[in-house]
Amino acid sequence: MNAPFVPQPHKRNGASSLAVRPELRTHCLPHELPEVLDWFAGLKVLSLDCFDTLLWRDCHAPTDLFALLPDCNPYQRMHGERRARQIARSARGVHDISIDEIYRSIMPRARDADRARAIAAEIEAEAQSCYGFAPTIALMHEARRRGMQVILVSDTYLSPRQLHDLVARAAGADVAALIDRVFCSSTHGKPKAAGLYGDVLARMKAKPGEILHIGDNQAADVGGVEPFGVHTLHLRQFTERTAQQLRLESAVAALMHGHDRDGLQAPQPHRPALAHGMPRLDNAAHQFGFATLGPVLLGYDQWLRHEAKGLQAQYGGAVHWLFLMRDGHLPMRMHEAVGTDGSIHPVEISRLTATFATFAQDTAIMRHLDENRGIDPVLLARQLRLPDATIARLCDGRSWDEGWRALADWCRVPTNRRPIILAAQALGERLVNHVRQRVRPAPGDTLMLVDLGYNGSVQSLIDPLLARSLGVHVAGRYLILREMQISGLDKRGYLSSEHYDYALLNAMTANVALIEQLATAAQGSVIDYAEDGTPVRGANDIAKRQSDVREAVQTGCLAFAGAAHGSIVRVVSGDAVAGIGVELWRKANAATLMRLMFLPLREELAVVRAFEHDVNLGTGETLALFDPEIARQGLLQQGLFYQKGVRRMFLPAELAEEGFATRLTHLATMRFHMPLAAADLAGDVGQISVILSDTRDATPVSLPIRPTHDGFCALCIPVGAGRFVAAVPFGTLAPYVEVLSITAMPADEYLDNRHDSHLRACPIVPQFDRITALTEHLWHCPDPAGFALLQPPPAQGDTALMIVVVFRTIGGPA
């Protein structure tokens, strides 16, 4: 296995390429903090902002913490602070206030003791949610090593004593001991932007040119301090890409979790690692893995460790971690990167081998056929491992339904099932040998199956076989679990119905193929085993380039493990650590996954643009993850509901360039399982009278015009089996019409959103009467009586056709 990738600063001639003359630098990046003292000469004082410079929070925004307050809700807390500031400006002419003034505004009739309790609760919430940022602390140590003073200058409603105590509680007493003095805007009645630093200088013995001040707020920490002659650096916490990712994750978290009182809002414990590591990565695939998969897989691994301890306590014996290949490959690598915990083993059990092993039970064969009616009968026959000649005899020349009935009739004959049963029993023995070869469990041990999920199908199939043959308890632990049936087995999910409603889980699992392709191993799926259990794999049809990109993404993912633990300094109790390591990360990881699945960044899509997903059901079939060009055509022809019949695996990616309103609409409808139809999203733009004529009659028919996307509309004209010619009076709509396409296709395919309808769409060339084609797509329609004549293609049997005109009007009514 490759060594984990570790982000490194760019170097030039043995020194940091960013160590330039101070007059050329107005900002610093998080990973540069320990070295910035070398950028300036003659420094005697290091001055630091506090929040988001020294102390960071577990949430996206400071106000997200207010959901933890027991005595007021977030709105009351924010409104109370605004009101207290207004009163202070009007009554005393001061710009800043204390936390006591805020709570007097929130709780004007409360007793002093009750207000004091509420204030203590807020400070407690801060202490539990804050931590020290390791690069800033490293800078403080370096400053003290050089004999410099370290001061905090903060815009805050806390007092200097409260702020110093908060640093000690969150980052540790040793960090607080590095601080010589604390200056707070609440004490001086003005923030940095209003001249606080003048008061600071009046109380310091150092000259302005001997002080370096660093903070995350450009206006306050540079604009408010630099005029006093103090050296300043703006701490740019995040790259633009990372800042956008975190904003989107916070927005998605609101859709997922709402704004209830059930804990910290928009938790983002991965912020410090992203701040510290992302600027040092210049490879898009590494960034993808580091910023998105890294936090999710690290949170999942922390939960797995917690679950393993619980299983050991409940059942005794050893707990063996069985990472199901191929999708368990990256979770196993993450576990190894963090540090192995007990007995871990990769095992290769595919749905194909697990399914066939169940056919050792006679009744399982017909049950499998009944449950999968509607699946290609050739695929079902191959899952039964029938000879090619038998498959051809049963299925060739028949429709899927006819082929299924022929296969089912054949399987109802006991003598035909007998060879399948014997072969399945033999494969089941080989599968058990494979597990025994990898694990060698003792009776009473627990096999913890680790996989991405999401239904735990393999466990449902082989749980009884492994438990009976090896005398063990089998437990499945999945990244996402959304069981389609109530299996009654020991299954749990990091993200499951214990934590989220079924609509959200359905939305999350709809696009899980992206995660599967990024987490998998670069090898073929197991199709059988040798007698000793050695896996026999099928061909790996995924292109080498996809495998190379996937390896780069996984490398970035693994680098996050070290960065996460090296970016913070935190003081919390053991119980709190367990809570931080599971619940906080769970909510953050869920938002990260949903954001990736529904609001992917352009940089992420560029990494996986050419990816394909292998179906892995006994066929060599692969499906594209997404196809923006076909999607654009589907959107314009049918609107957002074009996705109904699509087989591609990552449909939200196809909306990436279609505007945020479209993307957010798709996310909301999926997350809440909204029962909407196309008309609900598009509205009604009216009707048009189309004349349908054959060799005998001409009949006017009023047809609806249905909005689709981006201002375009679809006019759907039923022309039977090619019998009717349609005359469309576009001049009644507008003087100019932009016509994107005119095609004929089987009516049922268009109405059912068949995923490959575009392959059978026949373009139609119009003929004009009092309409002028200025270009291929732009028509001038000055006369309301003018029309375009649309001739369908020659009839093919009795298949009913539909002519679909996709257009938009330009200008008002003709």
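Student: With which residue does E101 form a salt bridge, and how far apart are the closest N and O atoms?

Tutor: In this predicted model, E101 forms a salt bridge with R92, and the closest N and O atoms are 3.0 Å apart.

Student: Does E101 count as buried or partly exposed?

Tutor: A residue is buried under 20% relative accessible area and exposed over 50%, with partly exposed in between. E101 has 21% relative accessibility, so it counts as partly exposed.

Student: How many salt bridges does the structure hold?

Tutor: The structure holds 46 salt bridges. One of them is formed by the side chains of D58 and R570, at 2.4 Å from N to O. D58 lies in the loop between β5 and α1, and R570 in the loop between β18 and α24, so this pair ties together parts that are 512 residues apart in sequence. D58 counts as buried, at 3% relative accessibility.

Student: Which side chain meets that of E307 in a salt bridge?

Tutor: The side chain of R492 meets that of E307, at 2.9 Å from N to O. Because E307 lies in helix α12 and R492 in strand β15, the pair ties together parts that are 185 residues apart in sequence. E307 is buried at 6% relative accessibility, whereas R492 is partly exposed at 28%. Elsewhere, salt bridges that share partners join R77, E81, R85, D96 and E122 into one network.

Student: What is the bridge partner of R477 in β15?

Tutor: The bridge partner of R477 is R492. Strands β14 and β15 pair in the parallel sense over four bridges. Strand β13 also pairs with β14 in the parallel sense, over eight bridges, and M448 has A475 as its bridge partner in β14. A right-handed β-α-β unit is made by β13, helix α20 and β14.

Student: Why is strand β14 described as largely enclosed by the rest of the structure?

Tutor: Eight of the nine residues of β14 are buried, so the strand is largely enclosed.

Student: How are the faces of strand β9 to be read?

Tutor: In a regular strand the side chains alternate between the two faces of the sheet. In β9, I211, H213 and G215 lie on one side and L212 and I214 on the other, and all are buried. Five of the five residues of β9 are buried, so this strand is largely enclosed by the rest of the structure.

Student: Which residue of β9 is the bridge partner of L46?

Tutor: The partner of L46 is L212, and β4 and β9 pair in the parallel sense over four bridges. Four bridges also join β9 to β10, which run parallel, with I214 opposite L233 in β10. Together, β9, helix α9 and β10 make a right-handed β-α-β unit.

How values were computed. Residues are numbered from 1 along each chain as its sequence is written. This is a predicted model: local features need pLDDT of at least 70, side-chain atom pairs count only at pLDDT 80 or more; totals for chains, interfaces and linings use all residues. Side-chain values use heavy atoms; hydrogens and water are left out. Buried means under 20% relative accessible area, exposed over 50%, partly exposed in between (1.4 Å probe, protein chains only). Helices (H or I, at least four residues) and strands (E, at least two) are DSSP runs, numbered from the N terminus. Two strands pair if DSSP finds at least two bridges between them. A crossover is right-handed if, with the strands pointing away from the viewer, the path from the first strand over the helix to the second runs clockwise. A salt bridge is a side-chain nitrogen of Lys or Arg within 4 Å of a carboxyl oxygen of Asp or Glu.
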